[in-house]
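Okay, everyone, thanks for coming.

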Amino acid sequence: MSWTARPLTDVDYYDLDGILAEQQCLPATFQVHIPGMGYLDGTEENEDILEGTKIPLPVWLIDTLNTDHEMLVETDLPKALTEAVLRHLRASASKVNLQALCPYYFMVAEKLQHMAEGTLPITTGDTIAQAFQDRLKAVLDHTQTRLEEHTSEFVQGLDMVERDILKRGQDASLQVKRWAMRTPARIRRAPALGMGDADVYGRPARGGRQG
Amino acid sequence: MALPVQLQSALSPAEAEFLAENERIQIEPLRQLPVLGLIETEIGPFVPPRSVSVPLWLAIVLKKRGLCHVKPPRWLTAESLQDLVQAERTQDQFTPLPFHYMEVAKMLLEVAGDDLPDAGTCQTLLQDLREARRSKARQGVEIMDQSHIRVDNLAQMELNELRAPFTMSFSMMKRLQAAANLSRLGGSGGGLTRTTAGGTGAGASGSRGGGGMPSSSGTAAYGGGSGLSY
């Protein structure tokens, strides 16, 4: 995975997170009649896609179907970008559970803004950028203080980008901690022998059973 | 790149320690040694009891073989550390410290503990110093602006620790900001239509004061900077 300052619409073809983010679906209404692709709606009923059918399509497909020349589908705003959610983000960004809304919330929002080219309400982008920044404070705080936390409620509310930042920050802090205690170079009894972290004489590192 | 993720964007602490070993330090040799002809420089001659300035790695090697005494750097004494901790706790900014203070202190305390007066107090004082600086780093996140944050006097190890999460955060913030600018300026109306009302098209371009250029900055310690990729 590579982190760059270029938007998702550019190259990064192999970016796994980008691929997964673009997999999110939006409700789409077909504007034209497309023969032979009736199976896209998941049922065996129709052979063709009739004009006006609503099918949820992934973002990458919508992007390719709507070129500058003609728009084959019309899409609605996803639930994640509605005014209600944005208002919630403006009020208290860190309390919103983005994982439940959309696991790749920020990447999808970025992609949609690029696709929409200005047809979204003006403040959408700013609200989202500001929300990211507000939540970031809590995330970065966690990277320094809670080094072992992986499954708490706070973490469950984060979207994938934030989880990534959290994990990398925790790893970095843990590495420094281990280096300071010279953990890699100390001889310890193997955890598989049942004592975990006891030193070579069998004395447990934290008060526990004696060997 | 086939590097593990942690190494892709920052040094490992062991690498930082390796880099710190180039720092010069004063030693008093205990035996006479000839001039050492190394690739970059020549070190020596070692004539006891005259003190010589050597790189840290050499000092550690000699010390481990009992061939020298190490003279601690001026900042590695109980009193000066005490002052530093005091200054750190009272000031808002980070106090200036040697760039490799953590690594040098650790190596010296491990290997040359007997040459340092009050090695034990030094250890605890260093912990205090580190804690004070860490809490400052946490507060620094509050004032983070979208494209850069200016922090002076961070040491190598601390910088390294903050590098990965901070660069990722800045990258993402930049991307979101660029997308927001696109939304704000309006466009020809691409592949998305909205169900909520309110045309934004032409009306958007003049309405924001700051104009359309995303603020980018190359300055300061944490510039998220375009073209940084990991």
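So, look at B:Ile27: it stands opposite B:Val70 in strand β5 of chain B. Before we go further, this is a predicted model, where local features need pLDDT of at least 70, side-chain atom pairs count only at pLDDT 80 or more, and totals for chains, interfaces and linings use all residues. On bookkeeping, residues are numbered from 1 along each chain as its sequence is written, chains are lettered from A and ligands numbered from 1 in the order in which they are written, and side-chain values use heavy atoms, with hydrogens and water left out.

Back to that pair of strands. Strand β1 of chain B, residues 24-29, is joined to β5(B) by 4 bridges, and the two run antiparallel. When I say strand or helix, I mean DSSP runs, with helices being H or I of at least four residues and strands being E of at least two, numbered from the N terminus. Two strands pair if DSSP finds at least two bridges between them.

Put together, that's an open sheet of 3 strands in the order β4-β1-β5 of chain B. β4 (52-55) and β5 each have a single partner strand, so one side of each is left without a neighbour in the sheet. From one strand to the next, the twist averages 45 degrees; axes here are lines fitted to C-alpha atoms, for helices over the stretch in contact, and angles run from 0 to 180 degrees between N-to-C directions.

Which residues of β1(B) are on its covered face? They're B:Ile25, B:Ile27 and B:Pro29, while B:Arg24, B:Gln26 and B:Glu28 are on the uncovered one. In β5(B), residues 68-71, the covered face has B:Cys68 and B:Val70, and the uncovered face has B:His69 and B:Lys71. Helix α3 of chain B, residues 56-64, lies across β1, β4 and β5, at about 105 degrees to β4(B).

As for records, an unreviewed UniProt entry lists residues 12-70 of chain B as "domain: DNA replication complex GINS protein PSF2 N-terminal". That span is 29% helix and 29% strand, and its end C-alpha atoms lie 27 Å apart.

Now over to chain A, and its cysteines. A:Cys25 is partly exposed at 46% relative accessible area, whereas A:Cys102 is buried at 6%; buried means under 20%, exposed over 50%, and partly exposed in between, with a 1.4 Å probe and protein chains only.

Last thing: confidence. pLDDT is the predictor's confidence in each residue, from 0 to 100. Chain A averages 77, with 79% of the residues scoring at least 70. Residues 1-8 of chain A stay under 50, and the model has 41 contacts for them beyond four places in sequence, a contact being heavy atoms within 4.5 Å. Residues 207-211 of chain A are below 50 too, with 7 contacts beyond near neighbours in sequence. Where pLDDT is low, the predicted coordinates should not be read in detail.

Terms used
UniProt positions renumbered as here; feature names shortened; annotations may be inferred.
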